[in-house]
Amino acid sequence: MTYRQRKALRIAGWVSLSIFLLACVGAGIAYSKRASLLETALAKAIRIAKRNYNLDVRVGSAKFTGLSSVAFTDISVVPEDRDSLARIQRVEVAVRFWPLFSGTIGLSGMTLENGLIQVVKRDSLSNIDFLLRRKRDSTATDNTPVETTRRTDLSDVAENLIDNILSKIPDDLNVKNLEFRAMDDKDSLSLLTQTAVIDDEDVTSTIKVNGNQATWHITGTADPADREYDLALYAEGQNGRPQPIELPYIQKKYNLKLQADTLRAELRDVDRSGGEFRLEGAGSVRNLRINHPAIARTDVVVSQAAMDAHVFVGENYVGVDSSSTLRLGQVSARPFLKYTLKPTKIYEAQLHTDALDAQALFNSFPQGLFESLEGMKVAGKLKYDMAFQLDTSIPDSVKFDSGLTSEGFRILKMGSTDFAEINRPFIYTPYEKGKPVRDIVVGPENPDYTPLNQISPDLRNALLTSEDYNFFTHKGFNEKAFRVSIATNFKEKSFKRGASTISMQLVKNAFLIRNKTLSRKVEEILIVWLIENEHIVPKERMYEVYLNIIEWGRNVYGIGEASRYYFAKKPSELTLGESIFLAFVVPSPKSALKWFVPGGYLQVRNVRGYFRLIGRIMARRGLTAPDSGAYGFYDVRLREGLRREVAPVDSSFQSDSLFLPDPDGEEIDEDEGTGIGNFFRRLFKGKKSDEKRNEAEQTVQPEQSSASPAEVAPSDTVKTRKQLRQERRERKRREREAQQALEDVPQ
């Protein structure tokens with residue numbers, strides 16, 4: 001080593017020693033001043049809480065208890081003019097040393113004794129309102145320049161949020177008597193953590209629910225430094241009997257029963273890669289029990305369910321990756337979810353399975369969810385694929401494809417319901433408000449029962465045109481109808497249009513109770529698939545049964561009763577006009593007589609437009625002769641004995657369930673199988689502005705039965721010129737739309 005090298009080493013050593021000594025002096029000064037620094041920082045935090053959130057924060061004492069640990073006593077947080085939010089008798093925290101150099105505060109230890117955190121809601125006010133609305137800057141004026149909003153990256157937000165949460169979980173934790181309490185005007189919930197300990201990565205905790213109502217335990221492992229957690233929640237048994245996890249508070253408030261034997265949650269990895277924040281974890285539940293009127297009629301029991309989830313968050317989207325796995329009982333599926341926020345909101349969802357053992361799939365259905373399928377024995381394999389995408393800026397372009405592919409599938413034994421029962425005479429029992437109306441024999445023993453070939457072709461064709469034109473060619477479902485239904489309901493922001501085929505309506509009426517639940521709808525779809533794909537019931541028989549059981553009026557079921565009740569005829573004698581009328585009332589049969597005037601003739605407004613539309617569609621399809629009039633509208637007349645039951649026409653009459661087209665034309669949907677009757681009923685439901693403008697209903701008197709539309713006596717209602725101009729413009733617009741729709745009808 002040369003002299004210059006030795007000299008350079010000596011200089012470097014002296015410089016390093018000087019820096020070290022200066023650091024030690026600085027640390028010593030900071031250590032001696034740390035009490036005042038802590039007091040200053042605490043006072044600043046209290047001022048910020050008061051200024052930004054109107055929180056009165058008080059701390060009895062704060063002092064260092066070690067090199068990197070601080071103890072606080074008698075802490076209280078009270079929002080202005082609200083109930084107390086938090087009270088803690090004593091808490092001591094210790095921070096990790098090395099993360100401080102990167103600006104991150106991580107806790108290495110925490111001890112907490114005797115604390116209370118409560119959320120109180122009285123009327124419409126709560127003590128967490130400050131979290132729900134940000135306080136406006138009182139110094140801002142109208143002349144204050146508007147700062148350009150910085151673009152928010154969701155991946156950064158998610159990463160910061162998760163980092164802040166995970167970094168505050170200490171390596172060593174000891175909590176005693178920390179209570180969380182939620183109260184409103186009617187009920188309260190108390191969760192008292194008697195003990196919560198993390199010691200050498202082992203987690204144990206005891207929680208009392210509403211006093212001694214139940215005792216919960218949390219066990220597992222936690223490694224906050226490596227961000228890995230595996231925790232289980234279960235309830236302690238009582239009197240030697242196992243107890244489920246449940247919260248009566250939820251059942252009282254939301255009429256939702258939720259119980260489970262064990263809940264598990266696991267966090268495996270948190271990472272950032274390729275501009276995305278990613279989180280990998282898993283969750284599972286054992287013996288989950290759910291009961292809610294909107295879900296099912298009885299308790300639904302999920303014996304075992306789990307999910308390995310790979311969550312990703314990008315600059316403007318969040319989702320669940322397709323590498324995730326969803327397990328239910330003995331089967332598994334691969335889900336994909338994505339929600340894009342900007343520049344337009346886009347919803348995407350997919351679900352795919354491999355070829356599954358069919359019996360394993362049926363065994364995995366939650367108990368109580370599909371009652372008619374319980375006990376069914378099947379063989380073969382089934383594979384399900386579903387893809388959905390909705391761009392909210394162009395909802396009409398919605399994509400929806402769903403299919404259940406079978407491989408050697410066959411039914412070995414029916415479940416609790418034999419779907420082949422309707423191939424032979426059977427008893428049908430309609431229900432009203434959950435109560436049986438009467439038993440109806442669907443077969444030759446019933447004099448009103450009518451075979452399909454003895455029903456007027458006009459009635460058969462009119463109803464198919466109105467409800468499900470593709471019935472004889474589809475396999476129970478119409479995906480295009482589903483897509484149109486999704487787009488329509490999204491644009492209307494409410495349920496305005498369904499997509500039920502005749503197959504689905506038949507299954508709903510013949511095999512299922514009329515409870516409007518989510519499980520009933522899914523069960524309906526499964527039964528339709530079984531009947532259609534296994535050819536359990538021929539199409540002709542399905543349509544024949546459908547026509548003989550559906551409701552056509554108050555306590556009027558089946559076409560035999562309907563044709564006799566309204567027109568004193570046999571089903572084979574029905575005219576085109578009478579057939580279109582009967583198709584017209586199917587969506588709302590109890591309102592049928594409201595569309596007549598005392599003379600037994602139909603009202604012109606709304607009803608005549610429906611006749612023209614259905615008639616034109618039938619004519620374009622070669623099902624009836626073209627008619628320049630209204631396709632039998634003026635020939636429809638109630639039987640004489642029923643006319644006296646028709647109420648006088650009220651000039652302020654408004655339909656309570658059917659909203660139908662203008663007599664001179666209305667928009668129609670030529671989607672095959674969607675059901676135009678349902679279209680009118682659902683699309684225009686709730687739109688009463690036109691009805692309010694038309695305060696008087698035009699009617700057809702007996703002597704005008706053969707008159708042209710122009711000869712019908714006008715309404716006595718006096719309208720302004722502005723109203724007349726608006727009506728003419730609206731009528732022309734509807735005529736254009738109707739004509740365009742009719743041009744799309746298949747020849």
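In this predicted model, Arg621 lies over the face of Tyr469, at 3.6 Å from the ring centre.

**Aromatic pairs**

Across the whole structure, a search finds 23 aromatic pairs. A pair of aromatic rings is described by the distance of the centres and the angle of the planes. The table gives these two values for two of the pairs.

| Pair | Centre to centre | Angle between planes | Class |
|---|---|---|---|
| Phe362 and Phe365 | 5.2 Å | 55 degrees | tilted |
| Phe584 and Tyr610 | 5.0 Å | 70 degrees | edge-to-face |

The classes follow from the angles: the planes of Phe362 and Phe365 stand at 55 degrees, so this pair is tilted, whereas edge-to-face requires over 60 degrees. Phe362 and Phe365 are both buried.

The edge-to-face pair of Phe584 and Tyr610 links distant parts of the chain, since Phe584 belongs to helix 12 (residues 576-585) and Tyr610 to helix 13 (residues 607-620), 26 residues apart. Phe584 is buried, with a relative accessible area of 1%, and Tyr610 is also buried, with a relative accessible area of 1%. Both rings belong to a cluster that ring pairs build from Tyr565, Tyr566, Phe567, Phe581, Phe584, Trp595, Phe596 and Tyr610.

**Strand pairing**

Strand 17 (residues 325-328) pairs with strand 15 (residues 300-313) in the antiparallel sense over four bridges. Within this pairing, Ala306 has Arg327 of strand 17 as its bridge partner. Strand 17 is also joined to strand 18 (residues 331-340) by three bridges, and these two strands run antiparallel. Here Leu326 stands opposite Ala333 of strand 18. Strand 17 and strand 18 form a hairpin with two residues between them, and Gly329 in the turn has a positive phi of about 60 degrees.

**Helix 3**

Helix 3 (residues 154-167) has 14 residues, which at 1.5 Å a residue should span 20 Å; its end C-alpha atoms are 20 Å apart, in agreement with that expectation. Which residues of helix 3 are buried? They are Ser155, Ala158, Ile162, Leu166 and Ser167. Seen down the axis of helix 3, the buried residues fall within an arc of 140 degrees, so they line one face of the helix. An α-helix has 3.6 residues a turn, so residues three or four places apart point the same way. The buried residues of helix 3 pack against strand 4 (107-122), strand 10 (228-235), strand 13 (262-273), strand 14 (276-291) and strand 15.

Conventions. Residues numbered from 1 in each chain as written. Predicted model: local features only at pLDDT ≥ 70, side-chain atom pairs only at ≥ 80, totals over all residues. Heavy atoms only, no water. Phe/Tyr/Trp six-rings, centres within 6.5 Å; stacked < 30°, edge-to-face > 60°. Buried < 20%, exposed > 50% of the residue type's maximum accessible area, 1.4 Å probe, protein only. Lys NZ or Arg CZ within 6 Å of the ring centre and 35° of its normal. Pairing = 2+ DSSP bridges. Expected span 1.5 Å × (residues − 1). Arc of directions from axis to C-beta. Contact = heavy atoms within 4.5 Å.
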